[in-house]
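Visitor: I would like to learn how to read a few features of a protein model. Could we take them one at a time, with the general idea before the case?

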Amino acid sequence: MNVTGDQALVKKLNKSIVLERIRLHAPLSRAQLSSQTGLNKATVSNLVAELITDGLVYETGLGESSGGRKPLMLLFNSRAGFVLGIEVSVQYIKGALTDLAGTIETELTLSLTQHDPDFVIEQIRKLVQKLMQVTPPSPHGIVGIGLGVPGMVDETGNVLFAPNLGWEEVPLRQQLETELGLPVVVDNEANVGAQGELYYGMDADHRQLVRDLVYISAGSGIGAGIIIDGKPYQGAWGYAGESGHMSIDWNGRLCSCGSRGCWELYASEKAYVASALKLPAHTAELLPFARQGDASTLSVLGEIGRYLGVGITNIVNSLNPGMLIIGGPLAEARPWLEQSMRTVIEERALPYHRRQLQIRFSTLGSRSTMLGAAYAATAPFLGRVRVSL
């Protein structure tokens with residue numbers, strides 16, 4: 001296959017490469033950029049001049065000299081604009097206003113008392129307006145909005161099926177862009193959670209070592225975000241990662257998706273409601289009782305940990321990832337479910353698959369989806385261009 005591109009495409013690609021290098025590895029001089037990117041010095045100087053004019057890069061103090069005049073160093077201006085990252089859950093919508101580096105300026109949560117798409121979209125609009133009111137001044141203002149939704153989302157931002165919300169065929173991206181007048185990115189909440197962990201949950205050097213990652217989002221349901229060879233894996237039609245609906249009990253409980261024995265019925269917050277034990281709460285409000293040593297609470301969290309281990313074993317044996325990260329609201333219950341989870345994995349996962357496997361809990365806590373959604377909205381603005389054959 002012959003791949004061609006006009007000068008505008010080549011320039012956009014080179015500009016993206018230079019900006020990303022500065023963003024991830026600053027401070028850098030123009031000479032260092034030329035050496036690291038393979039672009040000649042004149043090209044780098046021209047691209048840097050444009051980035052400075054755009055307000056995305058600025059010059060700082062003098063760097064070390066290699067024999068001549070000391071060079072000016074370049075830094076990324078993360079406050080050149082802001083983005084909104086939003087997580088849509090069953091019980092709430094949660095939003096964060098972040099700068100272009102994922103630093104949170106402010107957060108806001110609104111409860112969802114119903115799941116009708118019109119009501120949820122109205123709540124999203126209210127959340128966006130409230131966050132926009134406290135956005136600091138910047139050259140570019142709000143540059144985009146990212147949303148993570150618990151369901152199957154196609155490439156155009158339509159929510160095809162979200163059983164926990166009762167949604168089918170909701171054109172979420174189109175409606176929000178029309179109402180808000182801003183670029184909107186919509187994806188599955190676990191997919192953006194995986195990106196949040198990859199880009200904001202670890203430093204650049206560590207990220208380069210992580211090529212294959214599975215992020216498990218465990219809360220009101222379970223989803224999986226899959227990174228293969230450093231890139232999000234979407235599947236043939238974009239629907240990969242619905243691991244919460246893999247059956248771990250062929251004749252088990254009936255799930256809202258229409259199947260039986262789905263993993264999330266046993267290893268998410270749904271297990272609180274189904275438990276035969278008398279629990280003091282059936283939501284994340286259960287965690288204070290775990291801290292107090294409530295016996296029934298500790299018992300159900302241990303059971304959830306065992307079921308998490310069963311599903312994770314299936315994923316490990318199937319995909320052989322280098323790293324697996326557990327995030328979402330249930331990650332907050334780590335002290336009470338981790339040991340039972342790891343015990344099951346040790347007993348059941350194939351030994352060669354787990355020999356070098358890293359299993360960790362999210363460094364971002366319950367913010368993985370919000371920050372991943374913010375990253376998904378940031379990347380198009382920063383002009384990330386990738387050419388693949």
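The dialogue below takes up strands, a charged residue, aromatic rings and a loop residue.

Guide: This is a predicted model, in which local features need pLDDT of at least 70 and side-chain atom pairs count only at pLDDT 80 or more, while totals for chains, interfaces and linings use all residues. Residues are numbered from 1 along each chain as its sequence is written, and side-chain values use heavy atoms, with hydrogens and water left out.

Visitor: Which strands pair with β6, and in which sense, parallel or antiparallel?

Guide: Strands of a sheet pair through backbone hydrogen bonds, either parallel or antiparallel. Strands here are DSSP runs of E with at least two residues, helices are runs of H or I with at least four, and both are numbered from the N terminus; two strands pair if DSSP finds at least two bridges between them. Strand β3 (residues 82–88) runs parallel to β6 and is joined to it by 6 bridges, with isoleucine 86 having leucine 147 of β6 as its bridge partner. Strand β10 (residues 184–188) also pairs with β6 in the parallel sense, over 5 bridges, and there valine 185 of β10 stands opposite glycine 146.

Visitor: Why is β6 described as largely enclosed by the rest of the structure?

Guide: Buried means under 20% relative accessible area, exposed means over 50%, and partly exposed lies in between (1.4 Å probe, protein chains only). In strand β6 (residues 142–149), 8 of the 8 residues are buried, so the strand is largely enclosed by the rest of the structure.

Visitor: What surrounds glutamate 197, and which side chain of opposite charge is nearest?

Guide: Lys and Arg count as positive and Asp and Glu as negative, whereas His and the chain ends are not counted; a salt bridge needs a side-chain nitrogen of Lys or Arg within 4 Å of a carboxyl oxygen of Asp or Glu. Glutamate 197, in helix α6 (residues 189–200), is buried yet has no salt bridge, the nearest side chain of opposite charge being arginine 360, 6.7 Å away. Not counting residues up to four places away in sequence, glutamate 197 touches several residues (heavy atoms within 4.5 Å), including Met202, Tyr215 and Ile325.

Visitor: How many aromatic pairs are there, and how are they described?

Guide: A pair of aromatic rings is described by the distance of the centres and the angle of the planes. Rings of Phe, Tyr and Trp (its six-membered ring) pair if their centres lie within 6.5 Å, and planes under 30 degrees apart count as stacked, over 60 as edge-to-face and the rest as tilted. The count comes to 3 aromatic pairs. Tyrosine 199 and tyrosine 375 are stacked, 4.0 Å centre to centre with 10° between the planes, and they link helix α6 with helix α14 (residues 368–381), 176 residues apart. Both tyrosine 199 and tyrosine 375 are buried.

Visitor: Where does serine 243 lie, and is this residue buried or exposed?

Guide: Serine 243 lies in the loop between β13 and α8, and with a relative accessible area of 14% the residue is buried. Leaving aside neighbours within four places in sequence, serine 243 is in contact with Ala224, Trp263 and Ile315.
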